[in-house]
Amino acid sequence: MSIRELISQFGEKYLAALVTTYKLTLSAFLLAVVLGVVITVFRLSPIRPLRVFADFYVQIFRNIPGAALLILLVYALPYLNVVLSYYAAVLIATALIPSAFCSEYLMSGVNAVAVGEIEAARSLGMTFFQTIKTVVLPQAVRSSVLPMTNLLVATMLTTALASQVPLNPTDLTGIVSYINTHAVGGVTAFAISAALYCATAVIIGRVGNRIDRKVRILR
């Protein structure tokens, strides 16, 4: 089928798949950032068990394949009497892996914070959490805009895991399987989805570059 025929016949489903991909991406990215910040605070904590747990968390979810994690959530958890919806399983799998990388990027930003600033905060009587909240994290986030931009793109691509479960409406990868099941979309169906992925990634990259230029810390 030609591009025009595919868009004419499956245009609404492509739009629904695009919306599903965007919803998953935004939800997973926000969850990943929250988890990443918490794990980063744990890694900086003076409490050793928290540091050990955080390091273990990062090592696990930074190295586990997304498909393997999704299989565990969908097929293994029911044996523990924990049954998640397909959407929730995809969302969790899509968020846990980026959260480990988010923590790594934030740690790189933390390392860019001058030691003198932390010592000055302590000399003013700030607690550990006050120092992290007002001095360390704000600078770490500003230094991590570009890596976070890449993480957002990677999170969007990771949402392709949704194509492995019967999600309705499906994502941009899953819609290709749907089309080739109901018609002969062939490579053209993949090309349309790929173009939508690429266009979104380009927009995210440009927005991220603009934000980075505004908040970048010049040393």
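How do the residues of the lining of the largest pocket divide into nonpolar, polar and charged? The lining of the largest pocket holds 12 nonpolar residues, three polar and one charged. In this count Ala, Val, Leu, Ile, Met, Phe, Trp, Tyr, Cys and Pro are nonpolar, Asp, Glu, Lys and Arg are charged, and the others, Gly among them, are polar.

The structure is a predicted model, in which local features need pLDDT of at least 70 and side-chain atom pairs count only at pLDDT 80 or more, while totals for chains, interfaces and linings use all residues. Residues are numbered from 1 along each chain as its sequence is written, and side-chain values use heavy atoms, with hydrogens and water left out.

Pockets were searched for on a 1 Å grid over the protein atoms alone; a pocket is an open set of points with protein on both sides within 12 Å along at least five of seven lines, and its lining residues have an atom within 4 Å of a point. Grid points are joined across faces, edges and corners, and a volume is the space filled by probe spheres (1.4 Å probe) set on the points.

The largest pocket contains about 280 Å³ of space. Its lining is made of 16 residues, and Phe29, Val145, Met148, Thr149 and Ile211 lie nearest the centre. Two or more lining residues come from each of helix H1 (3–44), helix H6 (128–143), helix H7 (145–158) and helix H9 (186–215). Helices are DSSP runs (H or I, at least four residues), numbered from the N terminus. The most residues, five, come from H9.

The second largest pocket has a volume of about 200 Å³. Its lining residues include Leu44, Val110, Asn111, Arg122 and Phe128. Helix H4 (86–111), helix H5 (115–123) and H6 each give two or more residues to this lining, and H6 gives the most, with four. By class, seven residues of this lining are nonpolar, three are polar and one is charged.

Side chains of opposite charge can pair when their charged atoms come close. Three salt bridges (a side-chain nitrogen of Lys or Arg within 4 Å of a carboxyl oxygen of Asp or Glu) are found in the whole structure. Arginine 43 pairs with aspartate 55, with 3.3 Å between the closest N and O atoms. Arginine 43 is buried, at 18% relative accessible area, whereas aspartate 55 is partly exposed, at 36%. Buried means under 20% relative accessible area, exposed over 50%, and partly exposed in between (1.4 Å probe, protein chains only).

Arginine 43 also forms a salt bridge with glutamate 104, where the closest N and O atoms are 2.7 Å apart. Glutamate 104 lies in helix H4 and arginine 43 in helix H1, so parts 61 residues apart in sequence are tied together. Glutamate 104 is partly exposed, at 22% relative accessibility. Glutamate 104 meets arginine 62 in a further salt bridge (2.6 Å, N to O). Together, Arg43, Asp55, Arg62 and Glu104 are linked in a network of salt bridges.
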